[in-house]
Amino acid sequence: MTDIEPDDLRADARERWERASAGWGRAADRIRDWGMPVSVAMVDALALQPGQTVLELAAGPGDTGFLAAELVQPGGRLICSDGAEAMVEVARERAQTVGVNNVEFRQLELEWIDLEAASVDGVLCRWGIMLIVDPEAAAREIRRVLRPGRRAAFAVWDVPERNPWATIPSRVLIQRGYAEPPAPDAPGMFALAPAGALQELLAGAGFTDVVVRPTEVSRHYPGPAAFVAETADMSPLFGATYAKLSPGEREAIAADVVIALEPFTGPDGTVTLPGSSLVAVATA
């Protein structure tokens, strides 16, 4: 086990996401577009009806929940939440931009959701539960707030080799000595990627009818420089490290990334990076 205290891990993660939220706001349209296959699969799995209440946790810019908000009209509402206050503000501004008004914004933690038991008809959690200190507690809390027989939809990242967009920047930092390899038992992008891990987590929390399927995503960039710039702007870990380096060190990292991107770079210089997310649906 990592020897860092759980509360210290939580505080560090909160600080990193508060910092990264502005970058997520700037990239909100792109996040919506490349994440759409996952968002649609999650929302469809909930089988929502007008008048229902749906909760989104770790909402980021909020676009997954906004899809659900349309389906529960008239009379229904979305509770859009994130653990980072700045990210909640990003989602609030995003809702105004896209015209979603049946939404309540809350700062909520996955591990202790400040809502009454059996108070919502569906829960969405896209790319959040694998990042927290105690995903078992989060799964139990999500089941607690769901009405019996209702569904929750989760997305976590598939194994690293299917997500080079995520592994290339971190690998370059590690190879150059700017970052340490992550502890195998620490929270992180791929903590629930191993086969059966997500099913086991949800079944252990009391969910039934758990189904997990991979969903492909892809990211497109005009060139390697755009990929580096976006990663530095959005990634809490890469961005914090990259910002502290000298211009020469940044150039060296960018050069290494260009080499690593060669298998994904077309003749015209554009970059297309594949990705894979696991989408799970489970019944309370």
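Modeller: At 11% relative accessibility, tryptophan 165 counts as buried, a label that means under 20% relative accessible area with a 1.4 Å probe and protein chains only, whereas over 50% is exposed and anything in between is partly exposed. The model is predicted, so local features need pLDDT of at least 70 and side-chain atom pairs count only at pLDDT 80 or more, while totals for chains, interfaces and linings use all residues. Residues are numbered from 1 along each chain as its sequence is written, and side-chain values use heavy atoms, with hydrogens and water left out.

Tryptophan 165 belongs to helix 6, residues 164-175, where helices are DSSP runs of H or I with at least four residues and strands are E runs of at least two, numbered from the N terminus. Leaving aside residues up to four places away in sequence, tryptophan 165 touches Trp157, Met189, Arg219, Phe227, Leu273, Pro274 and Gly275, a contact being heavy atoms within 4.5 Å. The side chain of tryptophan 165 is also joined to that of asparagine 163 by a polar contact of 3.0 Å, that is, a pair of N or O atoms within 3.5 Å in which, within protein, one must be able to donate a hydrogen and the other to accept it, and residues adjacent in sequence count only if both atoms are side-chain atoms. Glutamate 230 is 65 residues from tryptophan 165 along the chain, and their C-alpha atoms are separated by 11 Å.

For contrast, aspartate 209 lies in strand 6, residues 208-221, and counts as exposed at 59% relative accessibility; its phi is near 50°, a positive value in a residue other than glycine.
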